[in-house]
Amino acid sequence: MPKEKKETKVKKEKKEKKEKKEKKEKREKHASKSEESLENVIKKEIIKKEMEEQKELPKESTMIVHYDLKALVPFARPLASKEFCLELMQTIRQGELKNARLNFDINVLARDNSLVVMAGDCSPIDVISHIPVLCEENDVPYVFIPSRADLGFSCATKRPTSVVMVAPDFKNEENFDYKDQFDSCLKRVKELEQEELVF
């Protein structure tokens, strides 16, 4: 009889140890899940803050102009200067952030007060060769910048972009707080077009 009692006692102890171990594992597993979810929440918050900070950064610190004129198409006139390229890129980015209509389809050229920006390093040139003619027929100002990559970056896309038409929403004043910047770009483009006509 005492042997049986010892065996049952040993079995009970083993069973208790096993239950304690399982409970401990469950607690650790639950704690690790809550830590992971907490880490995910923290990561999301950090990413959100970084995105907000990027929007608030000075425009010059996030934009780099690649002003390489080797691969320009022969009809890339008027061509923006390096400083004006930066200003155009900032205006396009502001329009993108403020939900302006960035049209990648230039068949909708019948908008007043819009601006067409084209990349001068397109290949084949047939991709954009008809667009200056369309712009001139519809009295829409246009300008070239040297790099498709810069144009794509200013539109917040990962792909190089050949043509963009910025058509701001003039009715919604909240989304058009970059009006002065847009107007100065339009003015400079018109001046460039006049200079091209003189030559």
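Phe144 counts as buried because its relative accessibility is 0%; buried means under 20% relative accessible area, exposed over 50%, and partly exposed in between (1.4 Å probe, protein chains only). This is a predicted model, in which local features need pLDDT of at least 70 and side-chain atom pairs count only at pLDDT 80 or more, while totals for chains, interfaces and linings use all residues. Residues are numbered from 1 along each chain as its sequence is written, and side-chain values use heavy atoms, with hydrogens and water left out.

**Aromatic pairs**

Rings of Phe, Tyr and Trp (its six-membered ring) pair if their centres lie within 6.5 Å; planes under 30 degrees apart are stacked, those over 60 are edge-to-face and the rest are tilted. The count by this rule is two aromatic pairs.

| Pair | Centre to centre | Angle between planes | Class |
|---|---|---|---|
| Phe75 and Phe144 | 6.1 Å | 75 degrees | edge-to-face |
| Tyr142 and Phe144 | 6.3 Å | 85 degrees | edge-to-face |

Phe75 lies in the loop between helix H2 (59-62) and helix H3 (82-97), and Phe144 in strand S3 (residues 142-145), 69 residues apart. Helices (H or I, at least four residues) and strands (E, at least two) are DSSP runs, numbered from the N terminus. Phe75 is partly exposed, because its relative accessibility is 26%, whereas Tyr142 and Phe144 are both buried. Ring pairs join Phe75, Tyr142 and Phe144 in a cluster.

**Charge and cysteines**

The charged end of Arg93 sits over the ring of Phe153, 4.8 Å from its centre; this requires NZ of Lys or CZ of Arg within 6 Å of the ring centre and within 35 degrees of the ring normal.

The structure has zero disulfides, a disulfide being a pair of cysteine sulfur atoms within 2.5 Å. Cys155 is buried at 5% relative accessibility, and Cys185 is buried at 0%.
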